Structure formats: C-alpha cells, structure tokens
Amino acid sequence: MAAMIVILNGPPGCGKDTIANAYLEKYPSTVLVSFKVPIQRILAALMGCSTEQLLDIYEDRLWKESPNSMLGGMSPRETLIWLSEEVIKPKFGKPFFGRVLASQINGNSNYLSTDGGFVEEIYPLLVKCHELRMPLKIVHVYREGCSFQGDSRNYITTFPEYVTELYNNGTVEEAVEKLSR
C-alpha cells in the first residue's frame, strides 16, 4: 500500500483514540501524528510534567474536564483550547498546527491523526501531500450519542473528495477493519 495520511475527524467520545490504538496495534508501522503536540508540550510545562506523563493522564476524560488550580481554575482541556484559540492561532495564524504537522511528514510511512477538526489546518497537509504525491483521507467518525455540541471543532466538509465515513456503532475490530479499507 502506498504511503498516505489518514485524519480521524469526529466529536469527543466517538472512539477516535480507541480505533487509532487498535489500528496501530494491527499496523505497527503506521506513525501516529497529532495537530495538538505543540500545545500539549506547553500544557505539560505549565503542569510541571513531561509531555509523556501528560498524555498518559490525558486519556482520563474526568481529569481533563476538571478545573485545575495549576491552570488558574481551568480544566486541562479548557487550557488547551485557550492556548490554541486565544494565544497561538491569533499570533501565528489558523493553519499553524497544520504547518507543524506537515513538517513531520516525509512520505515514507502511513500516518494517522486522531485530532483533526479545523479546516484551516488541513490546507498545509494538502500542500504536503501534493508535493509528496501522497493521498490524504479525512475519515468522519460517527457514533450514536456523540456530537460536536459545545466544541470549537466540527466535521471537515470543505474537501468532500477526501472524505470517507466510518460509523462506529459496532466493535473496535469492525471499526479498524472499516478504516483499513
């Protein structure tokens, strides 16, 4: 299979991380990449821990949604959103995180991201994919009871030619099989 970039695009709780982890277990040569790495590093520094330690505890939905005194009473998730929307994007532009991610792509691997949700971040990846003659797939992940309500992200619909739909209402194995196609 030719190298490609797959971006899982779906609301919180729809299973993007669970699907990605199972996919990476089945296809270990796939490289997990993230738009959020720059702000996760800043958040880890604010909390006095390593990025790896932050990522280990960030999977706990209750923890990441709970107010934290080290973050001025904001939750870790609120802090990430604040850093992204009020600090980094106004200073460096809305495509900033896409540019950072595109700089990590070399065309020699398959790449998987679980945190795509802003159309402006996709443009730098499209340019990179064009340069490397690599396909890009945006996978809309749907799951009953999950929505983007109250979230700044949404389904990326600007590029319908790159979109595939994945309904995650079965087992993780079924979702991985659908993603593999």
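Me: What is the bridge partner of V31 in β3?
Reply: V31 pairs with Y111 of β3. This is a predicted model, in which local features need pLDDT of at least 70 and side-chain atom pairs count only at pLDDT 80 or more, while totals for chains, interfaces and linings use all residues. Residues are numbered from 1 along each chain as its sequence is written, and side-chain values use heavy atoms, with hydrogens and water left out.

Me: What makes β2 and β3 paired strands?
Reply: Strands (DSSP runs of E, at least two residues) pair if DSSP finds at least two bridges between them. β2 and β3 have three bridges and run parallel. Therefore they count as a pair.

Me: What is the strand order of the open sheet?
Reply: The five strands are ordered β2-β3-β1-β4-β5, with parallel pairing. β2 and β5 are at the edges: each has a single partner strand, so one side of each has no neighbour in the sheet. The twist averages 25° from one strand to the next.

Me: How do you know that α1 packs on the sheet?
Reply: Contact means heavy atoms within 4.5 Å. Helix α1 touches β1 (5-9), β2, β3, β4 and β5. The direction of α1 makes about 150° with that of β1. Axes are lines fitted to C-alpha atoms, for helices over the stretch in contact, and angles run from 0 to 180 degrees between N-to-C directions. Helices are DSSP runs of H or I, at least four residues.

Me: Why is the E177 and K26 contact called a salt bridge?
Reply: The term requires a side-chain nitrogen of Lys or Arg within 4 Å of a carboxyl oxygen of Asp or Glu. E177 and K26 meet at 3.6 Å, N to O, so the pair qualifies. E177 is in helix α8 and K26 in helix α1, 151 residues apart. The whole structure has six salt bridges.

Me: What lines the largest pocket?
Reply: A pocket is an open set of points on a 1 Å grid over the protein atoms alone, where a 1.4 Å probe fits, with protein on both sides within 12 Å along at least five of seven lines; lining residues have an atom within 4 Å of a point. The largest pocket holds about 980 Å³, the space filled by probe spheres set on the points. It has 38 lining residues, with D17, K36, Q40, T114 and D115 closest to its centre. α1 gives the largest share, six residues.

Me: Which residues lie nearest the centre of the second largest pocket?
Reply: They are M4, V6, L179, S180 and R181, among 17 lining residues. The second largest pocket holds about 260 Å³.
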